[in-house]
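Trainee: I would like to look closely at one residue and then see how other parts of the chain compare in setting. Could you take me through it slowly?

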Amino acid sequence: MTPSTRTTRQWQDADAAHFLHPFTNFQALAKKGSRIITRAEGIYLWDSEGHKILDAMSGLWCVNVGYGQQALIDAAARQMKELPFYNAFFQTATPPAIELAELLAEVSPPQFKHVFFAGSGSEGNDTVVRMVRRYWDILGQPERQVIISRHNAYHGSTMAGASLGGMSGMHAQGGLPIPGIEHINQPYWVENGHGLGRDEFGLVAARWLEEKIRIIGPEKVAAFIGEPVQGAGGVIIPPATYWPEIQRICDKYGILLVSDEVICGFGRTGRWFGCETFGMKPDLMTFAKGVTSGYVPLGGVMVGERVARVLIDQGGEFEHGYTYSGHPVACAVGLANLRLIRELGLVERVHDDVGPCLAEAFASLREHPLVGDAEACGLMGALLLVRDKASLAPFPHQVGIGMVCRGHCFANGLIMRAVGNRMIIAPPLVITRTQIDEMTTLIRRCLDLTLADVQREGWR
Ligand code: PXG
């Protein structure tokens, strides 16, 4: 049935009866009913009640070229007609997968010439774990098993992805992390800075990696993985000193550096990949989301020459892969998407135009009585909601200030995420300056409404 053939209530009842949503308290949602999204265009969504919503989260950090791009739609339709599926397992390949591999190598930093395709970011990170350990095996150092990650990182929801991630709620369910994964603290200045200047703190936070390597024993450490900017963790933008120091430490101990570019890739930070914005040279890059702008699922791992040469020249068979590794329809859409990003000059646009515009808009929101800190990097931004601006003292946890603000966004036609006391956005890269103004006006209205709640309820 098409959306118009059922009422919102009917959709909600069927949803509650049959659909288990990801990261959702099923009982609470069934009581409230889902919001049913029925169509989209540009940076806007419409729900089943006809409400127009500004999607400042690009779906889920992925619709980089915005909704309704005909080139992507045509690419999918054409490929489905010609060859909807063939695998890449038994010494076969399809033209879209080959062409996308070629184009990915072209837009990636120069050390990347090869790609391993997966179906999602989580699968990509499972591949990372398999590949990193295989690399050290081939080199005769099988004791190098440990991968170091960070608390409050998000690397997906498969067993390996959730283990690499540093979300304590996820680790509490299902006996995670799997063996051989260790975590250090995150480079979040507000929580961990302890009075240091930001740049000084960046160095201190990076050196937590060195301490961890020494505790584990450098001969046992295989790799370090991190998101250039932690997305799901609340748009945690590290100090400029952080990644170069991480790079220095990885080089010193010879351990592989993995950049999880699932959110930061494909223009989000104002360069093709976040590692370029933050000045590091990873050996592997996980990607997903923006590679197809979310129109169809696709993920994978860019494999740098250091690892690729060992796997190819010395490795024999790599016993790993997915049915949908190199799915022709997904790859055809990926190709059309990357070509469109180039054609529209979206990466440069984020760097030179809409990125700086967002930074200015967020700087102006810093004046708001609830905002203790406002940060932006390319087209991702975060507002820290505080009880006291001078000390950055937080609201008591039970107030749930982020969720209060998010409720106002929901009611006012704006999708903005709350991560604890951080309100975050990552709009489509096609957003215009006028639309950034419109979004900023909406955000300010929601902050005002939240402040009114704070005053009425006496939360300060
Ligand atoms: N790495 C990073 C950095 C991600 O952000 C994944 C891996 C996993 O990708 P898949 O395609 O398997 O979901 C992600 C996904 C949130 C949220 O709440 C973020 C993601 C997924 C779901 C929710 O911000 N990022």
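Trainee: Does Ser-58 count as buried or exposed, and what is its relative accessibility?

Mentor: Ser-58 counts as buried, because its relative accessibility is 0% (buried means under 20% relative accessible area, exposed over 50%, partly exposed in between, with a 1.4 Å probe and protein chains only). Please keep in mind that this is a predicted model, in which local features need pLDDT of at least 70 and side-chain atom pairs count only at pLDDT 80 or more, while totals for chains, interfaces and linings use all residues. Residues are numbered from 1 along each chain as its sequence is written, and side-chain values use heavy atoms, leaving out hydrogens and water.

Ser-58 belongs to helix H3, which covers residues 58–61 (helices, H or I of at least four residues, and strands, E of at least two, are DSSP runs numbered from the N terminus).

Phe-266 counts as buried because its relative accessibility is 0%. For a glycine with a positive phi, turn to Gly-42, at about 65°, in the turn of the hairpin formed by S1 and S2 with 2 residues between them. These antiparallel strands, S1 at residues 37–41 and S2 at residues 44–47, are joined by 4 bridges (two strands pair if DSSP finds at least two bridges between them), and in S2 it is Asp-47 that partners Ile-37.

A backbone feature of another kind is the cis peptide bond between Leu-176 and Pro-177, where omega is about 0°; Pro-177 sits in the loop that runs from helix H8 (168–171) to strand S6 (181–184). In strand S6 lies Ile-181, which is buried because its relative accessible area is 6%. Beyond residues up to four places away in sequence, Ile-181 touches Arg-133, Ile-147, Ser-163 and Leu-164 (contact means heavy atoms within 4.5 Å). From Ile-181 to Arg-150 the C-alpha distance is 10.0 Å, with 31 residues separating them in sequence.

Ser-259 is another serine to inspect, placed in strand S8 (residues 256–260). Ser-259 counts as buried because its relative accessibility is 0%. Once neighbours within four places in sequence are set aside, the contacts of Ser-259 include Gly-226, Pro-228, Cys-275 and Met-280.

As for the cysteines, a search of the whole structure finds 0 disulfides (a disulfide is a pair of cysteine sulfur atoms within 2.5 Å). Cys-250 is in none, with the nearest cysteine sulfur, in Cys-275, 13 Å away. The sulfur of Cys-264 lies 6.9 Å from the closest cysteine sulfur, in Cys-377, which is too far for a bond. Cys-250 counts as buried at 1% relative accessibility, and Cys-264 counts as buried at 1% relative accessibility.

Finally, the largest nonpolar core has 112 residues, of which Leu-104, Phe-224 and Leu-383 touch the most other members. This core lies between domain 1 (9–68 + 345–457) and domain 2 (70–344) because both give residues to it; the domain bounds come from an automatic or database domain assignment. Apart from it lies another core, of 25 residues, among them Ile-181 and Val-307 (a nonpolar core is a set of buried Ala, Val, Leu, Ile, Met, Phe, Trp, Tyr and Cys residues joined through side-chain atoms within 4.5 Å).
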